[in-house]
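Thanks for coming. I will take one structure today and go through a few parts of it in turn.

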Amino acid sequence: MLLHIDGGCIMSGIRNKEPKAINLTIDGKSCSGIFGQTILEIARENEIYIPTMCYLTKTLPIASCRMCVVDVEGVDGLILSCQEKATDGAVINTNNDELFKERQNIMKLYNVNHPLECGVCDKSGECDLQNKTMEFGVSGQNFTTKEPARPVQNWGVISYDPSLCIMCEKCVRVSTEITGDEALKVKFGGYSSTIINVKEDANYKTLGEAAAVCPVGALVDTSFKYTANAWELNKIPSACPHCGAGHDVNYEVKNGKVYRVTNQAEFSTLCSASRYGFDFDNKNVKKDVSSFNRAVKAFENAGTILFSNETTNEEALIFQKLKEEKGYKLVSHEAKAYQEFMKAYGSITGKSLASGTLEALTKSRAVIVMGTRIHDDAPIVKYHLNMASKWQRARVIYMHPMEDGEISNIVTQFIKYEAGSEEGVSALLVDTLLQDIELPESVQDVLDDLDIGNLSAESNVGEEELEALRKSLIKKVGYSLVVGSDLYTHPRAKNIAKLLALLEKYAGFNVICVPPAGNAMGISLICDLDSETEGSTIGYNVQGDFTLSALGEGDLDIPALNQQEGTLTGLTKRVVPINVVLEYGGYVLNDIANALGLDAEYTINYTEQLPIAKGFKSVEFDTLPDYFDAVGTEHRGYLLNEVETAVDEVIEEVAEMDGFDGTVIYNCNPQEHFSPFTAKSKNLEQNAYLLGSQQFATAAKLTDGDTVCYTIDAVKFERVFKIDTSIKGTIALNPTFDMGLSTALLSSYRFSQVDLEKVGS
Ligand code: SF4
Ligand code: SF4
Ligand code: FES
């Protein structure tokens with residue numbers, strides 16, 4: 001589809017060019033590949049081993065080590081297979097005496113002055129240098145050079161030992177191309193070349209991703225250093241329960257304690273909450289029969305089950321079945337808001353979920369982000385945004401009431417709108433981008449009736465800003481739209497969803513509706529949720545009249561998400577398994593459900609009963625795959641099936657906007673935090689302050705260090721106020737992750753007008 005607009009045309013969607021097949025011979029084996037692939041990629045796909053030291057599948061080729069050299073018939077000299085594109089008909093040798101010698105010499109050079117510290121090095125047992133030194137028969141250090149003094153550097157979550165560094169640059173590429181913190185750089189200096197951290201003060205926890213790809217012991221997690229040997233740790237595969245992306249994690253355990261989290265860093269990237277927020281288990285729980293009996297009684301008398309996003313798909317299904325049997329109201333605020341939003345969205349697109357993917361986001365040339373502080377809400381999405389910026393030079397248009405300095409390096413246009421004006425802004429966006437598209441009459445009528453001048457004035461989005469946005473999309477191929485939680489809880493969420501869905505349906509945008517953290521997407525698909533409570537409440541990781549809690553503060557203990565089996569459904573639309581990582585000796589929800597009349601031996605008996613009508617598959621838990629193959633294809637759980645929904649295409653007129661006066665705060669957690677479970681993690685320990693600009697402080701008559709009280713959704717906050725010079729404007733940031741069992745009680749729009757009461761200074 002082509003969108004013709006004045007001054008140019010916008011091509012819609014991600015262009016799927018027909019891939020051109022090529023055939024070549026590698027080590028005598030006929031191999032096929034696709035035009036544009038490198039020799040290394042095709043070799044790997046065809047299960048042919050080529051050694052590498054600096055290659056990292058998820059970044060552009062680094063080409064610094066020369067280990068991947070191959071011989072291409074008819075071509076003089078050795079070729080770097082990691083960066084050389086394969087050609088049709090090529091005949092390639094990956095292994096002969098000359099290549100072996102070349103690689104052996106490289107390994108000898110790596111070992112010049114590399115201290116023989118394997119006995120105490122954290123990488124020992126999983127070190128590429130150790131492995132390849134043996135593979136290429138380098139049995140001694142034949143020559144040395146004078147070693148400059150290079151002290152170990154402590155960079156917060158990681159530490160760097162320059163004497164162990166082989167200058168492969170993987171860490172720099174991850175920091176630049178993937179996480180986008182841009183903290184690590186190469187300081188060139190011949191033999192004294194080293195890696196430097198140019199943003200030490202920022203203390204980025206995303207640097208853990210750089211350590212994860214380091215092939216040697218040069219970059220290691222500070223918390224792991226000198227605590228255990230790799231071979232002593234039992235690796236338990238699971239999925240991260242925090243941010244909602246459900247990434248692959250291996251909890252590495254010894255004697256009932258998690259020592260570290262690792263992942264398939266060659267192919268996937270974790271956010272810092274996954275990597276470091278692993279110590280959130282509910283410890284030392286034993287079966288307490290009288291508390292269990294009280295819990296069963298409380299369920300029998302309750303009218304409502306109130307639950308947080310830290311609920312597996314199977315537990316959500318148990319709640320749904322209990323609702324069907326006993327008539328409970330099921331209340332889970334964030335999941336309900338997301339459910340309603342997606343329902344409205346689907347009434348335009350005819351599909352139950354937005355069709356966007358992170359892979360397509362990475363390939364986008366223009367991305368609009370709206371209604372989310374994406375760097376904090378969904379770090380993984382921010383990483384993909386960064387990849388699009390770095391690899392495609394994507395235009396990134398960030399639309400939000402608050403500027404975010406953490407993404408200013410990738411944002412090409414910031415459009416500030418007034419808090420509360422998201423419906424008007426959505427209408428302006430749609431009107432701008434669908435100008436010359438044929439739309440159903442009912443939709444066109446609504447757009448024709450828009451009072452653009454008024455919407456512009458009320459939202460504070462200038463027509464010239466929209467024009468600049470429109471121009472940035474001209475002739476670009478592949479657009480994405482990323483939206484988030486600000487919109488789901490907005491009083492006009494349904495109409496916003498419908499308006500934005502037009503961009504997917506009629507302009508081919510790759511739309512990602514980032515689900516709230518945890519398993520909000522799974523819950524929204526499985527449960528028939530209610531808005532209001534009725535009768536007495538059972539709280540499940542939420543404060544209720546009777547509370548079941550994995551935080552250790554309730555009437556009955558339940559297991560945390562690293563102490564139970566089950567599945568989660570994440571923003572990638574993948575249903576992934578979680579496993580028991582740490583021991584738990586108490587009761588689980590399934591015990592109560594059985595006491596109430598359901599019948600399942602284990603919670604995971606419900607995995608194959610997840611609702612097929614909502615896209616789940618009837619698959620037994622024990623048969624769910626959980627691995628990446630050699631070329632990085634993910635075989636973890638399964639992808640949800642696409643589900644069709646009824647289409648009505650009824651858009652309402654944009655409602656009058658209610659402006660915000662007085663003191664406005666925005667509920668938003670800092671990047672590593674999502675819930676009381678990340679708050680529990682020692683590695684992620686952080687004070688929760690109300691953060692505002694000097695301008696906010698002046699307007700609210702506050703000084704740095706004052707203690708203030710305010711109430712949102714009947715949840716009372718008492719916080720120290722801090723001035724943050726990186727924040728602009730008159731809205732303050734209010735974290736919620738530390739509010740324990742009250743966290744999930746917050747249900748309203750993320751911007752609130754509050755009365756601040758100063759209670760101390
Ligand atoms: S980095 Fe590898 S080779 Fe070097 S000391 Fe550590 S384990 Fe040994
Ligand atoms: S610190 Fe590790 S990843 Fe970075 S250049 Fe050195 S060896 Fe490579
Ligand atoms: S893997 Fe090709 S140069 Fe390092």
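I start with ligand 2: by class, the shell around it has 12 nonpolar residues, 1 charged residue and no polar ones. Of the 13 residues around ligand 2, those that come nearest are Cys165, Cys168, Glu169, Cys171 and Cys214.

Before going on, a word on confidence. This is a predicted model. The chain has a mean pLDDT of 94, and 97% of its residues reach 70 or more. Residues 1-16 are another matter: pLDDT stays under 50 there, and the model has 51 contacts beyond four places in sequence for that stretch. Where pLDDT is low, the predicted coordinates should not be read in detail.

Now to helix α13, residues 422-433, and helix α16, residues 463-473. Their axes come within 10 Å and cross at roughly 50°, so α13 and α16 are oblique to each other. The crossing of α13 past α16 is right-handed. On the α13 side, Leu428, Leu429, Thr432 and Leu433 take part, and they meet Leu466, Leu469, Arg470 and Leu473 in α16. That contact divides into 6 nonpolar residues, 1 polar and 1 charged.

What does α13 meet in α15? First the geometry: helix α15 covers residues 452-459, and its axis and that of α13 come within 9 Å, crossing at roughly 130°. That makes α13 oblique to α15. Here α13 passes α15 in a left-handed crossing. As for the residues, Gly424, Val425, Ala427, Leu428 and Asp431 in α13 meet Ile452, Leu455, Ser456 and Ser459 in α15. By class, this contact has 5 nonpolar, 3 polar and 1 charged residues.

Note on methods:
Residues are numbered from 1 along each chain as its sequence is written. Chains are lettered from A and ligands numbered from 1 in the order in which they are written. This is a predicted model: local features need pLDDT of at least 70, side-chain atom pairs count only at pLDDT 80 or more; totals for chains, interfaces and linings use all residues. Side-chain values use heavy atoms; hydrogens and water are left out. A residue is near a molecule or strand if one of its heavy atoms lies within 4 Å of it. Ala, Val, Leu, Ile, Met, Phe, Trp, Tyr, Cys and Pro count as nonpolar, Asp, Glu, Lys and Arg as charged, and the others, Gly among them, as polar. Axes are lines fitted to C-alpha atoms, for helices over the stretch in contact, and angles run from 0 to 180 degrees between N-to-C directions. Helices (H or I, at least four residues) and strands (E, at least two) are DSSP runs, numbered from the N terminus. Angles under 35 degrees count as roughly parallel, over 145 as roughly antiparallel, 65 to 115 as roughly perpendicular and the rest as oblique. A crossing is left-handed if the near helix is turned anticlockwise from the far one by less than a right angle, and right-handed if clockwise. Contact means heavy atoms within 4.5 Å. pLDDT is the predictor's confidence in each residue, from 0 to 100.
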